[in-house]
Amino acid sequence: MTTNELEHLRETALRVREHIIRMSQGGGCFIGASLSCVELMVYCYSHVIRRRGGARPDGGSGDLGRDYLFLSKGHDVPALYGTFAELGLMDEGRLANHLSTADSIYWHPNRNIPGVEFHSGSLGHLPAVAAGVALDCKLRGGDNRVVVITGDGELNEGSVWETLLVANAYGLDNLTLVVDRNQFQANIRTEDLIPLEPLADKFSAFGCAVQRIDGHDFRTLEIAFAHAGVKGKVNVIIADTVRGKGLASIEARADRWFCSFSAAEVGQLIQELHGQVKATIQSETLVVR
Amino acid sequence: MTYEQLLIQTALEDERFVVMTAENRALVRNAPAALGVRFIDTGITEQTMIGMAAGLALRGRIPVVHALAPFLTMRAYEFIRTDLGIARLPVKLSGYIPGFLSDGNGPTHQSIEDVSIMRGIPGMEVYCPADEDDLVGMLPAIWSSPAPAYVRINHKKGNYSHTPYVPGKAEVVARGTDVTLLVYGFLFGNALQAKAILEREGFSVGLINMRSLKPVDDEAIVGAALESGRLVTIEDHLQTGGLYSVVAEVLLRWRMTADVLSLSLGERWFKPGLLDQVLETEGFTPEKMAAKIKNANSFTYAQ
């Protein structure tokens with residue numbers, strides 16, 4: 001990746017974060033889990049997922065040659081829509097329709113939004129759906145790449161591990177499972193509730209090829225995706241991230257999961273994102289949904 | 001008293017009680033500190049939580065189990081049916097944000113078939129309180145029964161003063177000769193307001209807070225069918241298997257029929273958004289419900 005490309009990705013990520021912050025008012029959103037996967041989302045849609053069918057990120061429903069990205073953790077949908085808006089795949093004005101029944105921009109991904117491959121929100125579903133797509137790509141002899149992004153708390157669900165057993169049995173090396181390892185599930189640290197570590201060893205024991213990287217570094221994302229093609233195995237990328245990344249008053253805090261901020265707080269948070277002031281948050285943010 | 005206060009008090013007074021959650025602590029934030037090892041968070045593992053609840057119940061415990069209603073009732077359904085249902089274990093299921101209360105979450109989080117599927121398990125009781133006061137009034141009887149039970153948790157504050165709960169009985173708020181509204185759960189408040197609108201327009205309107213959908217109060221339904229020209233079933237649930245179906249079953253059991261208008265979700269998920277907008281869009285505001293009831297042609301129901 002050239003320095004210019006890197007700079008462009010960073011600028012895009014910054015604007016996606018602004019979109020996420022704006023979506024955290026008027027009803028709120030899952031801001032922490034959205035901010036943690038911005039680089040991942042921006043990198044995937046800029047450099048990994050080929051959109052052969054045209055402007056739509058899913059290439060249109062009839063394009064069997066395209067790549068797929070499945071967003072299984074669901075709560076990070078503001079990052080997805082922010083990325084779509086920045087890459088010109090979605091009208092930016094639609095983001096203002098967040099939580100209006102007149103549109104379909106709500107707390108979880110859904111296929112009323114062009115580019116969303118599948119709805120999610122119930123955890124542990126899309127690894128299996130992605131495995132089905134990856135299996136058919138193999139059956140048809142395609143070279144499509146299938147990426148599925150899960151949360152780390154989501155790894156509690158047994159269905160994730162069932163999928164890995166089955167996908168490795170079928171040698172689905174066109175399937176890349178990326179874990180947004182932001183260390184939190186809802187309002188608790190994963191290691192304080194249902195410990196996941198040593199996580200790489202668990203994936204290895206299930207037969208996967210595993211890489212562990214800094215999920216906020218575009219250069220390591222580039223290397224990881226370039227190497228996520230080990231033959232005969234599901235390729236896993238554990239992306240170490242920070243929940244709430246980019247906002248000092250949000251980062252790695254148990255009580256900043258689902259947040260509904262005032263307009264003034266949103267203004268301050270956007271300034272904080274740009275390193276100008278530290279935001280003063282007064283809204284109750286330990287909202288458990 | 002809140003749901004959580006009652007839960008903690010009950011568990012402190014009776015050590016058979018354990019509180020479980022699949023990492024949904026909205027209703028039980030203070031339970032870990034109050035109950036110590038009798039608070040069990042299994043993480044995001046609905047099936048495992050139910051299996052463990054069965055194991056705890058085998059040892060004499062009464063687990064009160066929490067998760068979002070759709071994942072509790074559907075993700076773990078076969079575990080509930082097989083581990084709790086077949087063994088008839090006293091595990092008490094608390095389903096959070098059922099029906100419209102999932103507001104902006106979308107179809108994955110919409111529990112609008114829970115009454116139907118939980119009713120379908122032999123021995124399982126199904127309860128749908130109108131508001132937090134009603135919930136807290138009903139729970140002591142629900143939790144002291146030896147049966148497995150599902151409660152559609154409604155933590156919203158109401159402004160109606162409910163009569164004491166009698167196990168298995170509905171709360172007959174008012175009797176009316178033109179129409180009787182049968183409602184459960186969160187929509188009770190709006191049904192009460194719809195009743196007032198219809199009364200201002202000269203109708204005689206009855207209202208029944210169903211409370212218990214299984215066992216169901218046959219007498220309340222049959223009484224309303226005999227007294228009123230029309231029944232209206234109101235529910236944030238699919239038409240299939242919910243109150244509309246319950247009323248049909250009751251009337252058939254008593255060899256009766258009636259004009260019944262169903263205000264329900266028919267065959268679809270509702271449009272997600274902020275709760276007030278959802279009610280407006282889906283036609284469940286007091287004004288919209290009153291208009292539908294007033295304008296319904298008696299032969300074109302079932303919509």
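Guide: What follows is a walk through the core, then the chain contact and the confidence scores. This is a predicted model. Start with the largest nonpolar core, which has 94 residues. Within this core, Leu181(B) and Leu182(B) touch the most other members. Helix α3 of chain B, residues 46-58, gives the most to this core: six residues. Domain 1 (3-152) and domain 2 (171-295) of chain B both supply residues, so the core lies between them.

Now take Leu182(B) on its own. Set aside its neighbours within four places in sequence. Its contacts then include Ile208(B), Met210(B), Ile221(B) and Ala224(B). Leu231(B), Val232(B), Thr233(B) and Ile234(B) are also in contact with Leu182(B). Leu243(B) and Val247(B) complete the list. A second core of 80 residues is separate, and Val42(A), Leu71(A), Ala79(A) and Ile237(A) are among its members.

Next, the place where the chains meet. Chain B puts 23 residues into the contact, and chain A puts in 25 residues. On the side of chain B that touches chain A, two elements give two or more residues: α4 (69-75) and α11 (275-282) of chain B. The largest share of that side, three residues, comes from α11(B). By class, the side of chain B that touches chain A has 11 polar, seven nonpolar and five charged residues.

Last, confidence. Chain B averages a pLDDT of 96, and 98% of the residues score at least 70. Residues 299-303 of chain B stay under 50. For that stretch the model has seven contacts beyond four places in sequence. The predictor gives the complex an ipTM of 0.89 and a pTM of 0.93.

Technical notes:
Residues numbered from 1 in each chain as written. Chains lettered and ligands numbered in written order. Predicted model: local features only at pLDDT ≥ 70, side-chain atom pairs only at ≥ 80, totals over all residues. Contact = placed C-beta atoms within 7 Å. Helix = DSSP H or I, 4+ residues; strand = E, 2+ residues; numbered from the N terminus. Nonpolar A, V, L, I, M, F, W, Y, C, P; charged D, E, K, R; others polar. Core = buried A, V, L, I, M, F, W, Y, C linked by C-beta atoms within 7 Å. Buried ≥ 20, exposed ≤ 12 C-beta atoms within 10 Å, placed from the backbone. Domains from an automatic or database assignment. pLDDT = per-residue confidence, 0-100.
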